[in-house]
Structure formats: C-alpha cells, structure tokens
Amino acid sequence: MTARRLSSGGRIDRSQTVTFRWDGKRLQGFAGDTLASALLANNQRIIGRSFKYHRPRGVMSAGVEESGAIVTTGRGARSEPNVKATQQELFEGLVASGQNAWPSVRHDVGAVSGLFSRFFAAGFYYKTFMGLPPFETGRGTGIWMQYEKLIRKAAGMGSASRLPDPDVYDHAHGFCDVLVVGAGPAGLAAALELAQQGRDVVLVEQDFELGGDYLAQSDPQAITRRDTQVAALRAAGVRIMTRTTAFGLYDNGVAGLLERVTDHLASPDASLPRQRFWTMRAGRTVLATGALERFISFGNNDLPGVMTPNAARSYLNRFGVLPGQRIVVATNNDSAYAVAGELAAAGAQVILADARSDAALVAPKGVELRQGLAPFNASGGRGVSGIEFASQQGGAWRVAGREACDLLLVSGGWSPVINLASHLGARPIWDSALACFLPGKTRSDIHMAGSAAGVWQTEACEASGTAVARQVIGADTALPAAGGWQTPIAPLYEVRVPGRRTKAFVDPQHDVTGDDVRLAHQEGFVSVEHLKRYTTLGMATDQGKMGNIIGLAMMAEALGREIPQVGTTRFRPPYTPVAIGALAGRHTGPHAKPLRRTPLHDWNLRQGAVMTDAGLWHRPWYFPHAGEGMAEAYVREATAVRETVGICDVSSLGKIAIQGPDATEFLNRIYTNPFAKLPIGRARYGIMLRDDGIVMDDGTTWRLGESDYLMTTTTTNAGKVMVFLEELLHTRWQDLRVHVTSVSDHWAGVSIAGPKSREVIAPCLEDGEAVTNDNLPFLGVRPVRLKGGIEGLIARISFSGELAYEIYVPSGYGEAMMALLWPQAQAQNGVLYGLEALGALRIEKGHVTGAELDGRMTIDDAGLGKMASPKKTFIGDALRRRPELTDPNRPQLVGVFPKIRSDTFNAGALLTAPGEDSGFGDGWLTAVTHSPALGHWIGIGYIAGGVAAWEGRRVLASDPTRRGPVEVEIVPPIMFDPKGDRMHG
Amino acid sequence: MANPISALHEILRKVPSAGETAGVTLREIPSFHLTQIAAWPETLAEVSARVAQGLQEGGRAPAPGRVMALGDALMLRVEPLKYWLLSTDQPLQLPKISAEEGATLDISHARTLLSVSGPRAADLLMHYLPLDLREAAFAEGALASSAMHHVGVTLWRSGTEFHMALPRSFAATLTDLLCQSAQQYGLRLG
C-alpha cells in the first residue's frame with residue numbers, strides 16, 4: 001500500500017495543519033482528519049497487532065466496525081486503550097501508539113506466536129492447559145491458574161491505565177418527541193420532515209460531521225444536498241448532537257447516548273466533562289443507522305492494505321487520501337463499481353474483480369473489469385503486495401491467476417445496522433435476495449429508515465427517511481422497497497481452494513478463522529450461541545460487526561442448512577464501548593454515595609472531630625487531643641462521661657412524626673410492647689419486628705400530644721422504617737387516619753450524658769427548673785426554650801447508662817445550641833464524645849445496635865423477650881412463634897470477658913468450646929471495646945443457649961485468621977451498673 | 001434571638017462565581033417558613049379550601065403536581081393528601097385544623113431551598129433529575145417530587161426560576177454536585 005495525500009479534494013482543512021505523535025514519531029495531518037486518515041496520508045501501513053497471533057494489521061474500514069487500526073491514545077492517567085483510529089478525531093498534540101506489541105507494532109516480538117498459529121485454534125488453551133497431563137489429568141485447574149497469567153499477557157488488547165481517571169463525566173437526561181439516530185441521507189431527511197411538521201426532534205450522529213454517506217461521495221451535488229439539509233435542520237430548531245453514539249435502546253422510548261465532549265480537543269476547558277452519558281426519552285425513535293460493508297473470508301484477508309471499498313471511498317472523497325496506487329477491488333455486488341471508478345479518476349491503477357459472471361454493469365472509466373473472479377489468497381509480509389484470484393469451476397473454487405497490488409478492497413455485501421432494534425427484541429430476518437439481515441418487527445415505537453432498512457441508493461434513502469417521518473406523524477405512506485442494485489448480489493462469504501491451506505479470518509479483531517468455525521462444528525458446537533462462545537466470534541469490541549454473518553454462513557454450510565435456520569445471536573448494548581467513568585458520572589470519590597451531614601457537621605469539625613461513615617452519614621468518631629490516637633481518645637471520652645459529662649451529636653437518629661387520631665393504635669400495632677397508655681410528655685423504648693418475626697429496629701417514641709408522636713429510629717434503619725410505615729398505611733391499614741413524615745432533617749439533636757449533665761443543661765435553659773427530677777423524670781419529654789429564644793424538645797433518655805438527656809432544636813439552631821452547651825460542659829470538665837466512645841458505653845450496658853440486630857435475630861435472642869406483649873397482637877407476633885425461632889438453644893445475647901483480663905479479642909471472632917472451633921462455632925462476637933468502667937477488654941455477642949448454658953464451661957473466642965484463640969468468660973450482657981442506678985439517679 | 005445557620009454556609013463559600021456571563025445563577029433562599037398540612041381523604045377538599053382561602057380571598061388549592069401563589073405564600077401540592085405552605089417573611093397564620101380534619105407540621109428546618117435560574121438552568125437540573133423540563137411539559141406552576149443522586153427532592157417552576165427543596169442533611173453534597181456541573185455553563189451565586 002502506497003497511500004498519499006492528494007493536493008485537493010475532501011473536507012479536510014488544508015490551511016490548518018495538525019501535528020500529532022504516532023509511536024513516538026511526529027507526524028502531520030489536517031483539521032478534519034481522523035487518526036486513521038492522517039496515518040494513511042503519512043503512508044503508515046501497520047497500525048495494530050492482532051489479538052492472538054500478533055499479525056500486523058492496518059486500516060480496514062473508516063468507521064466503528066474497525067478491526068485492524070486499534071490503538072492506545074493519550075498518556076499516563078489519560079491513556080485510553082482500544083481506540084479505533086477510524087473514529088478518533090485528529091487534534092493538535094494527539095499522542096497515539098500501537099498496542100499488544102513489543103517493542104512496537106512494526107517490529108513485534110510476539111509475532112513469533114504466528115509461527116505456531118496452526119496449533120492455536122479455538123479452545124487450544126483450555127484443552128491444553130486445564131487438567132494438564134500428566135500432572136492434573138482429569139482434575140483441577142491449578143496449573144491453568146498460573147498459565148492463564150502468561151497467556152493473558154501474551155494475548156489481548158491494550159492496557160488500561162492503573163491511575164485514577166482524572167477526567168469528570170456528566171450524566172444528563174433528555175426528552176424529545178422523536179429521536180433520530182444517524183445523520184446520513186435518510187436520517188437528515190427524516191429529522192427535517194419531522195421538524196417541519198412541528199415535532200421536537202433530537203438528531204444524534206456518532207461522527208463529528210453530519211452527512212453520513214454524503215460525506216464519502218465524490219459528487220459535489222451530494223455535499224450541496226447535505227449542506228442544504230443541515231441548514232434547514234438548524235433553522236427548524238432540531239437539536240443536533242454530533243460526536244454522540246446511541247449505544248443502546250431500552251423500553252418505553254429510552255435511549256442511551258454517549259456524547260464525547262472533549263475527546264477531540266487539544267486543550268479542553270477544565271469545566272467541561274470529558275463525556276456525557278445521556279438517558280434520552282423519546283416519544284418515537286427513527287433508526288437511520290446505515291449499513292456496514294463486510295469482508296469475505298480468504299487467505300491473509302487481514303494483511304495491512306486490505307480494506308473495504310467504501311472505506312477507500314471515504315478516505316478519497318472525505319479526507320483527500322488516495323490509499324493505494326495499484327488497486328484491486330474484489331466484490332460480489334454493485335456497490336464497488338462507483339468506488340473503483342472514483343479511485344481510477346484519482347490516478348490509481350484499478351482492477352475490478354467481480355465474483356459474478358453475469359453483472360450487467362459496465363466497467364467504470366479507467367477500470368479493468370474481470371468478471372467471475374474472487375479473492376483467494378493475499379500475499380505480502382508487512383502489507384499486501386498481491387492477490388491470487390479464484391474462479392468457480394465445477395462447483396469448486398480453482399486458482400485463476402495472480403495480480404500485484406498495494407491495496408486490496410473487498411466487498412462481500414452490506415449488513416444493515418440493526419443492532420439498536422435488536423436491543424428491543426426485534427428479531428433479525430434474513431433476506432436472501434439482499435444477503436443480509438433486515439430488522440424484524442418489534443412492539444416498540446421504532447422505525448427503520450434508509451440503508452438500515454436495506455435501502456441502498458442515496459435518493460431512495462432520502463425518500464425512505466421522509467416516508468418514515470410521515471409514518472411517525474401518522475400518515476399512511478408507503479416506504480421505498482429494500483434493495484436497489486442493478487444486478488443481484490451473489491452471496492459470497494468464503495473462498496477456499498481444495499488442497500490449499502490459508503489463514504482466512506472471519507473475525508479479525510479476535511483472530512477467529514474459518515478453520516475455527518469448522519472446528520467448532522466438528523466438536524459439536526452447532527448452536528450459534530455455542531459457536532460464539534467456543535470461538536469468541538463476535539465477542540470483541542466490535543461485537544461482530546465485521547464477522548458475524550460470515551461465521552453464520554460457514555456454520556450454515558457445515559450444517560447443510562440455510563442461514564435463517566442457523567439463526568443469529570441478539571445484539572446487546574452497548575453498540576460501541578462505553579467508558580466505566582461515563583457510567584459513574586460525577587458519582588465518584590466523595591460523591592460515590594450521597595453524603596449526609598448533621599446540622600453540627602461543621603461545628604464538630606471545628607472542634608477537631610475525626611469523622612467516620614455511619615450509613616450515609618458522616619458522624620464524629622472521636623475528638624482527639626494532641627498526641628492522642630483513636631484508642632486513647634475514646635477511652636478518655638467514655639471515662640469522662642462516666643465521671644462528669646459528655647456531649648454527643650445524635651442528629652442522625654431517624655425521626656418520624658406520627659400524627660392523626662389513630663396514631664396511638666398505629667404504634668400499638670407496630671411495636672411489640674404496649675403504647676396505648678403512654679401519657680403525653682412521656683417516652684417509651686420500643687422494638688418493632690418484621691412480618692417474619694425478626695427484629696427490624698428499636699428506638700424511643702415520644703408522645704407530644706393526644707394525636708402527635710415523635711418516633712426515633714436507629715440511624716441506619718431510618719429509611720427502612722419510614723418505608724415500612726408508609727407501606728402499612730397505604731396497603732394494610734388504609735382505615736387508620738395517620739400521617740407519617742420524616743423529620744430527621746428538621747431537628748439537630750445532642751445527647752448530654754453523665755452525672756453532671758443536669759448542671760450543664762440547666763444554665764442553658766430559660767427555665768433551668770425544667771430539668772429537675774420532678775419536672776423531667778426518667779423517660780420524661782417536654783418542650784423547652786433555650787436561651788436566645790430557641791424552642792426545642794428535651795427528653796430524659798439514656799443510651800450510655802448515665803443520667804442523660806437528649807435535646808432537639810430546629811436544625812438551623814444546632815450550632816447556637818452548642819454555643820450554649822459546650823462552655824457549660826467544659827466548665828464541668830466535660831468532653832465531646834464520638835461514635836467510638838458511644839460504642840464503648842453501650843457495650844458496657846449491653847445495649848443493642850445494628851451489629852446485634854442484624855436481620856437474623858428475634859426479640860428473645862436479643863434478651864428483650866419481656867417487651868413482647870402477650871396481651872395484644874403486633875407486626876411479626878405470629879411468625880416469631882415459629883418453632884425454629886423459639887428453640888431455647890438459639891444464640892442469645894451475652895457479655896464476654898477475657899479469662900485473663902489483660903487479653904483482648906476481636907469482633908467477629910467465633911465463640912466455641914475448646915476443640916470445637918471448626919464450622920460456625922457456638923456463637924460470635926458482635927462488638928468489643930476496652931471498658932473504662934471495668935478496666936479491661938469486654939465484648940458483646942451471641943452464643944447458643946445464652947449465659948445459663950455456659951456457666952462453668954470453658955469458651956474460646958476463636959479467631960484463626962487474625963490472632964488465634966483467646967479463652968473467655970460468658971457473662972450477662974449488662975456488664976456495668978446492671979440495676980440502672982446511675983441512669984435513674 | 002439566635003440566628004439560624006444554613007446547611008450551605010461552608011459549601012457556597014468555596015464556589016467560584018462566573019459573574020455576569022453566567023448561564024446559571026444559583027441562590028439559596030436563606031430564611032423561610034415551611035408548614036405541612038395533611039388531611040384525610042374525606043376532609044381534603046374542605047381543609048385545602050379553607051387553607052387556600054385563608055391565604056388569599058377566593059384562593060383555590062393547587063391540584064397534584066402544581067404550586068400556586070396565594071397571598072404572601074406558596075401552596076404546593078406535594079402528595080395527594082399533603083400540601084406545603086411556604087412563606088419567606090413571617091410565619092403564616094393558619095386556620096385551626098383539628099386532628100379529625102388533618103395535621104399540621106413545621107418542617108422549616110428539614111429543607112434547604114435553592115433557586116436555580118438563567119438560560120442553562122434546565123440543562124443543569126437535567127444532569128441530575130429525570131424530569132422533562134421543557135417549557136411545554138413543565139410550565140409555570142408545575143411541581144414534581146423527584147430524586148437527585150438517589151435523594152428525594154422537590155422541584156417547581158416559578159416564573160423564570162426553578163426552585164428546589166433539598167433535604168437539609170443532603171443539601172451540601174447535592175449543592176456541591178450542582179455547582180460542579182454548573183461550571184461548564186458559567187455559574188453565578190446569587
């Protein structure tokens with residue numbers, strides 16, 4: 001192949017030189033080039049190396065179906081593998097390099113594997129290395145696990161960067177009356193007709209220019225037509241999205257679009273996303289997605305310099321590149337004739353070999369036409385240098401001469417792009433006259449136009465687009481018939497000459513050959529689905545755009561069937577690859593999940609809090625003093641709570657307003673314990689179960705008025721509880737007049753715990769007497785007014801086991817509340833405490849959290865069985881009585897001490913009897929801590945039968961993967977102040 | 001009297017502002033009163049009419065998915081049986097609603113209110129909200145409960161502006177996302 005840039009012609013801007021680097025070399029192209037056209041213009045032959053055999057590959061196409069010129073672009077963190085050079089727009093400073101080769105694609109050491117290619121047929125690696133004789137005959141894959149690393153290193157595509165992606169990606173939603181996919185003659189006509197009829201139209205085009213096939217035509221009238229159409233579209237207000245691929249169609253008019261925003265820019269605006277991932281919802285969808293020209297399978301059909309005629313036409317007429325000087329065009333259909341003529345007119349020596357002997361077309365001017373010849377075996381080392389022809393004689397192909405060439409153009413027919421219709425379940429229908437699949441019917445509102453519907457001629461495609469648009473609008477309009485060639489296509493998928501062995505590729509991107517397909521058949525993989533998986537045909541990044549039909553035809557021939565009887569696989573999204581980053585959008589890093597901040601978040605940070613995740617919330621973990629780590633800080637904080645006072649941000653607790661005349665009855669049905677007689681101004685701890693009798697959540701509910709309650713839930717279960725309550729009211733208990741509303745975000749809440757808590761709170765209130773024991777007894781609730789006029793609620797409840805209160809004020813006043821409380825606490829030598837200290841305090845008291853109520857435990861398991869009222873029914877009451885849930889040997893909540901008090905153990909360790917530490921053990925530890933109150937390590941967990949079953953027995957906390965067994969004692973779960981004197985004091 | 005503090009006071013300080021050429025103007029509505037009125041199916045018509053007329057003589061309550069300006073307040077139909085009443089000056093004087101008729105609830109501090117305006121406001125919002133915000137589909141007075149980054153938000157159109165009610169605890173993270181995406185259109189903080 002001796003390609004060169006022409007001095008005129010094409011749509012490139014010769015006044016704008018673009019400098020880029022290819023494999024370290026500095027090259028130049030023009031604005032309007034693709035990387036592929038610029039490489040061709042620089043006469044670069046070898047652009048890639050093949051997947052398995054490391055064969056040299058060049059440019060094979062001019063579009064998304066490219067299987068040869070697959071490269072890596074960018075550097076460092078922006079390195080992007082497996083980019084099709086035919087799709088990469090050229091820009092100043094673009095860096096591209098070959099991949100899957102060492103040291104370069106031009107001189108690849110890996111090419112030695114090609115010498116052994118006859119051994120590397122489909123399934124070779126698995127057959128050879130799995131259960132490798134004699135070491136693993138008939139068993140195991142241990143050796144394979146080692147070989148696989150080497151095999152995957154030798155084969156494959158490019159390597160992704162392991163650095164974090166520095167780019168940002170946006171998600172976007174779009175709506176339109178009609179989505180038109182593809183801006184060729186049919187798409188432009190359809191979009192214009194729809195817009196002129198008043199429809200809101202979005203037109204998407206994967207190319208950077210509108211026009212599709214217009215752009216590849218030599219006729220100036222085509223460009224004029226294209227320009228007129230585009231101007232009319234803009235005037236009609238059509239929303240045009242170039243560089244945008246419709247990668248998938250989904251139910252109800254939803255299309256997935258990928259817009260490449262900055263991939264073509266040398267210095268993109270930093271505020272722009274690299275790509276946008278669109279979810280487009282369209283009333284109707286018109287698919288004018290065109291058709292792809294396909295190859296024929298013959299010897300060395302993958303050599304650099306073998307491409308489709310339509311690609312050569314595109315390079316010639318759009319990019320001003322004559323891709324060869326001595327050209328052979330091999331075809332079985334009419335479409336190559338015009339290309340041959342245009343190449344000859346551009347100065348090339350052209351031979352047109354038509355496999356048909358009866359074509360009625362005459363040779364274009366300057367073209368030597370040879371009928372009845374098909375390509376059989378290309379020759380050449382680093383690029384094509386000649387082609388052996390074959391002709392049909394007596395029902396078989398025979399060698400029929402040789403011709404030297406530097407460019408071989410091969411057309412085996414055209415395949416309409418029906419992928420998107422297939423996503424919606426449209427079954428492809430084989431059209432034997434056109435030798436292609438056409439889209440079948442679908443219940444979805446999609447309409448095929450132009451060559452995507454098998455219409456081959458430009459004028460007919462325009463008419464097809466217009467007619468489809470009128471159908472979309474509701475007119476009874478006939479569509480142009482599929483086809484349009486003067487002489488019918490002669491189906492031709494493979495050329496083999498008896499007695500001659502060649503390397504003939506079906507799917508060049510995955511190095512699948514015709515022999516691989518026949519081997520699959522011989523080994524019984526006759527289903528098209530099995531063929532695909534055994535050979536990997538159609539599983540590369542092009543998803544079989546080049547090779548699928550050839551493979552099907554070969555399998556049909558092997559089976560003695562027709563192609564429709566063999567069937568085809570359904571296409572699945574995406575049509576072309578989509579970056580993982582685009583799927584993630586901006587929901588990465590700190591935005592990977594929505595972050596919840598309490599009203600005291602910034603205040604906590606100003607006090608030096610180290611934060612931790614609690615569900616979606618960020619909560620203070622601990623507040624270290626200088627030189628402290630977490631271990632020192634939480635012990636200090638918990639100690640202070642026991643000795644003086646501590647303040648903890650509890651704003652994240654779920655809070656649900658329950659209102660209505662039937663609110664009391666509602667709560668009485670939800671909680672296991674009775675709520676019917678809870679007085680106004682009192683709180684009650686409650687447990688709620690799931691329908692299956694397992695504990696769902698716990699918390700206190702405050703009665704604020706006759707029909708007005710405030711329910712608190714655990715932080716992480718707040719959403720689940722809210723949804724459950726809504727479901728109950730909307731489905732089961734529609735007769736109850738109750739409204740539930742989440743008010744979690746309305747209130748800023750703090751717990752003030754410790755023997756000095758009352759001294760901290762009283763000076764902050766306008767009426768300090770509000771917190772005396774008489775005015776606010778244990779589990780009392782009342783409105784309160786803080787100094788500064790802040791209205792709030794105060795409840796005397798305790799999670800720490802100390803005298804403790806919770807104060808809630810409207811969130812905006814959270815910091816104002818802390819400005820009152822914190823100086824008072826400091827005056828009492830108090831502390832701020834975080835989740836770690838909170839955990840230590842609650843473990844000492846045997847209070848359960850999500851670690852214990854983990855979706856498996858019953859109310860009895862948790863030691864709270866007395867809270868299940870026998871005098872009423874409640875959610876979960878029936879199923880909690882199942883025999884399996886009432887087995888006395890079920891795990892029960894216990895406390896755990898180390899036998900030697902200086903020992904420690906880990907959460908998650910199994911509790912077992914000595915010598916029985918295999919399997920699941922007898923129990924497990926859910927949480928552990930150093931107990932400041934007891935002066936040693938303690939834990940909480942479950943063990944079969946509970947405390948009584950393990951009295952006097954030895955128990956190990958078995959932890960084989962971390963620190964080994966530790967002997968422990970099983971004790972009652974309330975390990976500190978079991979009578980609750982401190983809390984009630 | 002103590003002053004309330006916005007959930008966005010730290011976030012918005014860090015956002016660069018594009019000035020007059022902005023495609024999007026984002027403004028927090030700092031102080032407001034938001035009250036929820038919930039009725040029962042059989043009392044809905046009477047309660048909503050009484051509230052609407054209390055806000056404005058002859059006023060009518062909005063249909064589902066609609067918001068209406070009544071007097072100094074906005075009345076938003078956020079659920080079939082629930083309305084929000086929004087005012088930015090003084091707390092509203094509401095008619096007495098008994099428990100047999102419905103329930104009222106102050107949720108002023110449960111939400112952060114944003115105004116999003118400018119020629120690219122809809123484009124910005126549609127990066128996150130799966131809503132058809134074309135003028136014909138979401139005109140003046142339209143309201144929708146939707147989800148942004150999995151978080152329930154309420155959106156309505158008032159004049160040339162969109163208004164969003166964000167759950168306060170999520171407001172900072174959602175506003176940060178909006179500000180990031182808005183940079184491509186030019187963002188001005190109002």
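A: The model is a predicted one, and the domain assignment of chain B gives domain 1, made of 21-31 + 110-189, and domain 2, which covers 33-106. The C-alpha centres of domain 1 of chain B and domain 2 of chain B lie 24 Å apart, and across their boundary 14 residues of domain 1 are in contact with eleven residues of domain 2. Between them, domain 1 of chain B and domain 2 of chain B bury about 950 Å², with 66% of that area on carbon and sulfur atoms. Of the area that domain 1 of chain B buries against domain 2, 47% is supplied by Gly141(B), Leu143(B) and Trp156(B), more than by any other three residues.

As for specific polar interactions within chain B, the count of salt bridges between domain 1 and domain 2 is zero, while the rule finds three residue pairs in polar contact across this interface, both residues of each pair being at pLDDT 80 or more. On the side of domain 1 of chain B that touches domain 2, the elements that give two or more residues are strand E7 (111-117), strand E8 (143-148) and strand E9 (151-158) of chain B. E9(B) gives the most to that side, with four residues, and the residues of that side of domain 1 of chain B divide into six nonpolar, five polar and three charged.

Turning to the partner, 47 residues of chain B are in contact with 51 residues of chain A, and the area buried between chain A and chain B is about 4100 Å², of which carbon and sulfur atoms give 56%. In chain A, the residues that lose the most area to chain B are Phe175(A), His591(A) and His739(A), which together account for 16% of what that side buries.

Across the interface of chain A and chain B the rule finds three salt bridges; one of them joins Glu100(B) to Arg737(A), with the closest N and O atoms 2.8 Å apart. The rule also finds 25 residue pairs in polar contact across the interface of chain A and chain B, both residues being at pLDDT 80 or more. The elements that give two or more residues to the side of chain A that touches chain B include strand E9 (169-181), strand E14 (275-287) and helix H20 (814-827) of chain A, and E9(A) gives the most to that side, with eight residues. The residues of the side of chain A that touches chain B divide into 20 nonpolar, 16 polar and 15 charged.

Notes: Residues are numbered from 1 along each chain as its sequence is written. Chains are lettered from A and ligands numbered from 1 in the order in which they are written. This is a predicted model: local features need pLDDT of at least 70, side-chain atom pairs count only at pLDDT 80 or more; totals for chains, interfaces and linings use all residues. Side-chain values use heavy atoms; hydrogens and water are left out. Domain bounds come from an automatic or database domain assignment. Contact means heavy atoms within 4.5 Å. Buried area is the accessible area (1.4 Å probe) that two parts lose on being put together, summed over both. A salt bridge is a side-chain nitrogen of Lys or Arg within 4 Å of a carboxyl oxygen of Asp or Glu. A polar contact is a pair of N or O atoms within 3.5 Å; within protein, one must be able to donate a hydrogen and the other to accept it, and residues adjacent in sequence count only if both atoms are side-chain atoms. Ala, Val, Leu, Ile, Met, Phe, Trp, Tyr, Cys and Pro count as nonpolar, Asp, Glu, Lys and Arg as charged, and the others, Gly among them, as polar.
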